[in-house]
Each structure stands twice: as C-alpha cells, then as structure tokens.
Amino acid sequence: MSNLKALCFLSLALFASVKGDVPPPCDSEIYCTGPILHQVQEAKLFDDDKHFVDMKLRSAPDDVLSAFRNLSSKFPNTTIPPVKLEEFLNTSFDQPGTEFESWAPPDWHEKPNFLSGIADDKLREWAEKIHGLWKSLGRKIHSDVKDHPELYSQIYTPHPVVVPGGRFRELYYWDSYWVINGLLLSEMTDTAHGMIQNFLYLVNRYGFVPNGGRIYYERRSQPPFLTLMVESYYQATKDKEFLRAALPVLEVEYQFWMENRSVDLELNGKQHVLNRYYVEVGLPRPESYLDDLELAEGLTDGKKEQLWMDLKTGAESGWDFTSRWYIADGSDNSGTLRDTRTSQILPADLNALLCRNEKTLASFHRLLGDSDSAAVYDQAAARRLEAIESVLWDAERGAWFDYNLMTRSKNFEFYPSNLGPIWAQCYSQPEMGEKAVQYLKGSGALQFPNGVPTSLKESGQQWDYPNAWPPLQHMLIDGFSKLPSEDAKKLAFDLAQRWIKTNWLAYIKYEAMFEKYDVNGDGKPGGGGEYEVQLGFGWTNGVALQLLDQYGATLTSGGRRV
C-alpha cells in the first residue's frame with residue numbers, strides 16, 4: 001500500500017497548492033482518487049481502465065466507501081483479493097452505459113441534399129451509409145444523472161449528443177467540431193444546435209469545456225474549437241439571436257485560455273504571449289490509472305507528479321500520446337513516453353487555432369454591431385500573429401514549428417501541425433502559403449498512399465507514424481484548398497482523394513469507420529497507443545462527409561494519385 005499512501009500525499013499537497021482561479025479538481029474518492037480506484041485498477045479486473053470509472057454506483061458514495069473499508073479491514077494490508085473485489089463491484093456498481101437512454105436523432109432524414117453532388121455512384125452510396133451512422137452514435141443522458149449526480153462519473157448535459165463511438169461513449173470536446181460539421185451537412189441542425197448548447201452549458205458551469213463528459217476530465221480541456229462550432233452553425237442557419245446569446249460564453253472560454261494556458265516570452269528583446277496546454281494535476285489519469293502508475297515506477301515523488309501532470313497535459317492537447325511531446329536530455333522528439341513534457345512546449349497548431357478564434361470573435365462582434373469589441377479581438381489576433389511569426393515561423397524551412405521552453409528553440413521534426421497557420425489563415429505574407437506547399441512536398445510525408453502521417457517517427461504511440469488522423473487530414477486539405485495557387489489546390493485534392501479512398505476501402509473490408517488509419521497498405525485501421533482502435537467514428541464520419549461534399553464532383557472510388 002506504499003504506492004497508495006504516496007499518491008494520497010501527493011494529492012493532498014496538490015490540493016493545498018491549487019489557486020483560487022483554477023477550477024477545483026474532481027474530488028470523488030471513488031472515480032478520481034482513493035483506495036477503491038487504486039485497488040480495482042491494480043487488480044486488472046478489466047481490459048480497459050476506463051471501464052471501472054464509467055460504472056454507476058448503486059448507493060451513496062459514503063455507503064460504498066464504508067462497505068469497502070469494512071471489507072478491506074478483513075485482509076492483510078487491507079488489500080482485497082481479486083475475487084472478493086469483483087464480488088464487491090458486482091454488489092456496489094452497475095455496468096457502464098446505464099447513464100444513457102436510447103435516442104435516435106429526430107431530425108435525421110434520408111437523402112440530404114449534399115448527396116446529389118457526389119458523382120461517383122459507389123461513393124454516393126457509401127456517403128448515405130455514413131449519414132446513417134449518426135443514428136447509432138446518438139446518446140441522451142438519463143434524467144437520473146441530473147437528479148443523482150453523486151452516483152455517476154457522467155457529467156450531466158441537457159441535450160442529446162452524437163458521440164465518437166467505441167470506448168468513447170460520452171461527449172468529447174474537439175471531436176465534436178467535425179461531428180457538428182458533418183451533422184450540418186446531414187441537415188441535422190437541431191442535433192448540432194443541442195450539442196453546441198451543451199458546450200455553452202459546460203463553459204457556464206466550469207469556465208471552460210472539459211476534455212469530455214466525465215468528472216475525471218474536469219481539470220483538463222481539449223483544443224478550443226467551440227467558437228468555430230458556433231461559426232459553422234451560424235454559417236448554416238444565419239441565426240443571429242443564437243450568436244448573440246453564445247458570444248459572451250465564448251469570451252469566457254477565451255479568457256480561460258488566456259489566463260490559465262498562456263506564457264509570457266521574451267525573444268530578441270521583444271515580449272510575446274503565446275499559449276500552451278497545461279494541467280496542474282499531478283496524479284494518474286483515472287481512466288488510464290495503471291498505465292500511468294507503471295510508467296512512473298522508480299521515479300521520485302516530484303518527478304512522478306511532473307510526469308502525471310504532463311500526461312494529463314498531453315491528453316488536453318488531443319494528441320495522447322506522441323513523440324512530439326517528448327523532451328529527453330533537453331532535446332526534442334527523443335526518448336520515450338516517460339519523457340513526455342507537454343507543458344514545456346508552445347504548440348504551433350494551438351496558437352494558430354487561437355488566432356483563428358480571435359479573428360472569428362472579432363467578426364461576431366462586427367456582425368452584431370459592436371465595432372469597439374471587434375477591435376479588441378482584431379488587436380489580439382494581430383499581437384498573436386506577430387508572436388507566431390517571431391517565435392514559431394521559420395522562413396528557410398517554410399513552416400511553423402513548436403517552441404521548446406526548456407531549450408528555447410524550435411522542434412524541426414515533421415508534424416501536420418507545422419502547417420496549422422495555413423488552415424487558420426493566420427500568416428501575414430502570401431509567399432508563406434507557397435513556401436508551406438513546398439515544405440510539405442519536401443518533408444517526406446507525401447510518400448504514403450493513404451494520407452499524411454502524424455509524424456515520421458515510429459514510437460509505438462498512436463499520434464505518430466504510421467497513423468493518420470481525420471482532423472489533421474482535414475486541416476491540411478482545408479488549408480491548402482484556400483491558397484490561391486493551382487499547385488496548392490491540386491495538392492489539397494490529391495490529399496482528399498487519398499483519404500477518401502483509404503476510408504472507403506477500409507469500410508468495404510470491415511463495414512466500419514475507424515478513429516484513425518494506417519498510411520500504408522490497402523485501407524486498414526491504425527494502431528498503437530493505450531487501447532485498441534475504435535469503431536464509430538464521429539470525427540471520421542464528419543471529415544469524410546465534408547470532403548465528399550467539397551470534392552464530390554471529382555473524387556473517385558478507384559482512386560488517383562499525382
């Protein structure tokens with residue numbers, strides 16, 4: 001039990017150091033910390049640590065804790081044998097899933113208009129099947145979660161959602177941007193509206209959007225896409241009153257990122273402010289508890305706490321996990337998962353996203369007639385653009401690179417995120433766009449038949465080679481398609497063709513959409529990381545529908561490569 005005592009000590013020390021402006025940690029002694037979590041996860045009763053922390057309590061937490069203490073007192077070192085522990089769980093908990101009611105989106109209907117723009121018969125038929133998947137991914141939270149929140153790890157939100165799928169059975173933050181864009185193409189504006197309302201509800205409750213809809217995610221967010229979700233919805237509906245109601249909440253979220261996730265940096269005699277991911281919780285992730293405990297074995301308490309903070313920070317980034325966040329002996333991209341130092345990196349894509357958010361918030365204020373507030377966000381975007389180009393842009397290489405706060409240098413390894421400012425349209429000179437095209441062509445990342453890999457390093461982590469992820473493909477394609485040159489537009493189409501062919505071939509073989517794909521082979525799901533590849537899959541469906549809508553007249557199921 002020494003591990004548990006050390007964890008409790010770290011937990012108490014951390015809670016004592018939490019500042020008033022930081023949201024309180026999840027204080028559940030069952031789902032976030034404590035002896036039940038520790039013993040159940042150490043006993044390896046389930047294939048996935050997430051299983052236990054998604055189970056529902058059958059009685060009040062104090063009663064379950066008391067029963068556990070009584071049971072554990074009967075055994076040496078208060079360690080309950082696995083068989084008895086399983087009996088305790090069967091008595092005290094229900095299986096995951098009881099927190100949801102069955103729900104089919106009422107605004108789903110056959111034959112949305114975008115289908116008619118898809119020229120290839122096979123792709124059009126496939127797009128209809130993807131459109132049909134929204135029905136199987138709909139979830140409505142049971143009213144009992146609202147009435148008895150102490151019995152669940154599920155966070156109550158008032159509207160039904162479309163979830164990613166598989167082990168991700170609840171709402172997730174950045175996934176939902178591509179889900180919502182897909183729903184809007186499927187003419188499911190009510191479902192999309194409800195999902196956005198849920199995120200606004202969460203900002204009103206927490207001051208930011210948690211990573212996902214569980215209390216064990218309460219101290220970390222994910223890439224802040226809510227402003228762009230509202231933009232997508234407004235573009236589809238022109239609902240100005242909704243925009244007027246949402247805008248103050250979007251500003252609350254923006255302030256959270258600026259107050260809790262920003263870094264002041266001096267470079268070449270000039271002060272800049274850029275953002276990072278940063279989670280101040282030095283404890284194992286409840287949903288990956290044993291992985292984190294084992295990874296930290298042999299480290300001092302201080303280094304354990306730092307590692308767990310950086311793993312949670314990596315989860316906040318959405319890229320969990322990747323060699324992109326490794327800093328070993330001060331150098332980038334080297335080492336192992338144990339060298340994850342996400343908090344010490346200023347990511348190019350996060351800052352590009354926040355630049356786009358600032359420009360979008362300015363445009364919202366202008367739409368609503370508030371030119372003074374629009375000017376404030378225009379100025380923020382201009383300051384960030386200057387910071388991005390001073391700190392992250394490399395004119396010789398023609399791309400933007402993460403900045404390592406420990407070495408005060410850029411990480412020149414290839415990641416699709418190096419081109420985030422192209423997608424965000426956050427760069428000052430037109431030639432930067434053309435340089436970025438040449439950077440991608442010379443990077444070695446275009447040699448694979450099925451998409452652009454997440455890096456060129458095979459680390460065994462899922463946000464590295466050979467995996468390709470739908471949101472990163474879409475951001476590249478969307479960004480290059482908006483550049484003026486024919487060369488850039490041709491590259492965007494080629495990437496779209498590769499990605500659609502990959503998704504389609506895998507669907508033919510497996511009758512499923514996957515969260516990620518392998519850049520090699522003839523259409524197969526990706527792998528690596530902490531869990532098996534998941535089916536569903538929300539953002540994959542959304543990206544496929546967006547590309548089929550954008551390029552429907554020219555995409556072919558036979559595929560084509562430049």
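**Figure 1. The largest nonpolar core of this predicted model has 179 residues.** Phe52, Phe93, Trp126, Phe225, Leu226 and Phe480 are the residues with the most contacts inside this core. Helix α19, residues 486-510, supplies the largest share of the core, eleven residues. In soluble globular proteins, nonpolar side chains tend to be buried together.

**Figure 2. Leucine 226 and the residues in contact with it.** Neighbours within four places in sequence are left aside in this view. Leucine 226 is then in contact with Tyr173, Ile196, Phe199, Leu200, Val203, Val209, Leu250 and Glu253. Leu226 is also one of the residues with the most contacts inside the largest nonpolar core.

**Figure 3. Helix α4 spans residues 61-72.** The helix has twelve residues. From its first C-alpha to its last, α4 reaches 16 Å, close to the 16 Å expected at 1.5 Å a residue. Which residues of α4 are buried? They are Val64, Leu65, Phe68, Leu71 and Ser72. These residues lie on the same side of α4, because they cover an arc of only 125° around the axis. The elements they pack against are the helices α2 (35-42) and α5 (82-92) and the strands β1 (56-57) and β2 (93-94).

**Figure 4. Lysine 50 sits in helix α3, residues 49-53.** Is lysine 50 buried or exposed? Its relative accessible area is 0%, so lysine 50 counts as buried. The side chain of lysine 50 reaches the backbone oxygen of arginine 167 at 3.2 Å. With neighbours within four places in sequence left aside, the residues in contact with lysine 50 are Arg167, Arg169, Glu170, Tyr172, Arg214, Tyr216, Tyr217 and Glu287.

**Figure 5. Lysine 509 belongs to helix α19.** Lysine 509 has a relative accessibility of 43% and therefore counts as partly exposed. Apart from neighbours within four places in sequence, lysine 509 is in contact with Asp522 and Gly523. A polar atom of the lysine 509 side chain lies 3.0 Å from the backbone oxygen of glycine 523. How far apart in space are lysine 509 and serine 373? The C-alpha to C-alpha distance between them is 52 Å, and in sequence they are 136 residues apart.

**Figure 6. Three strands form an open sheet in the order β3-β4-β5.** The pairing in this sheet is antiparallel. Strands β3 (100-101) and β5 (161-162) stand at the edges. Each has a single partner strand, so one side of each is left without a neighbour in the sheet. Strand β4, residues 138-141, is joined to β3 by two bridges, and the two strands run antiparallel. Phenylalanine 100 stands opposite isoleucine 141 in β4. Strands of a sheet pair through backbone hydrogen bonds, either parallel or antiparallel.

**Figure 7. An open sheet of three strands has the order β10-β13-β14.** Its strands pair in the antiparallel sense. At the edges stand β10 (345-346) and β14 (409-410). Because each of these has a single partner strand, one side of each is left without a neighbour in the sheet. Strand β13, residues 403-404, pairs with β14 over two bridges. Tyrosine 403 stands opposite lysine 410 in β14.

Definitions and conventions: Residues are numbered from 1 along each chain as its sequence is written. This is a predicted model: local features need pLDDT of at least 70, side-chain atom pairs count only at pLDDT 80 or more; totals for chains, interfaces and linings use all residues. Side-chain values use heavy atoms; hydrogens and water are left out. Helices (H or I, at least four residues) and strands (E, at least two) are DSSP runs, numbered from the N terminus. The expected span of a helix is 1.5 Å times one less than its number of residues. Buried means under 20% relative accessible area, exposed over 50%, partly exposed in between (1.4 Å probe, protein chains only). The arc is that of the directions from the helix axis to the C-beta atoms. Contact means heavy atoms within 4.5 Å. A nonpolar core is a set of buried Ala, Val, Leu, Ile, Met, Phe, Trp, Tyr and Cys residues joined through side-chain atoms within 4.5 Å. A polar contact is a pair of N or O atoms within 3.5 Å; within protein, one must be able to donate a hydrogen and the other to accept it, and residues adjacent in sequence count only if both atoms are side-chain atoms. Two strands pair if DSSP finds at least two bridges between them.
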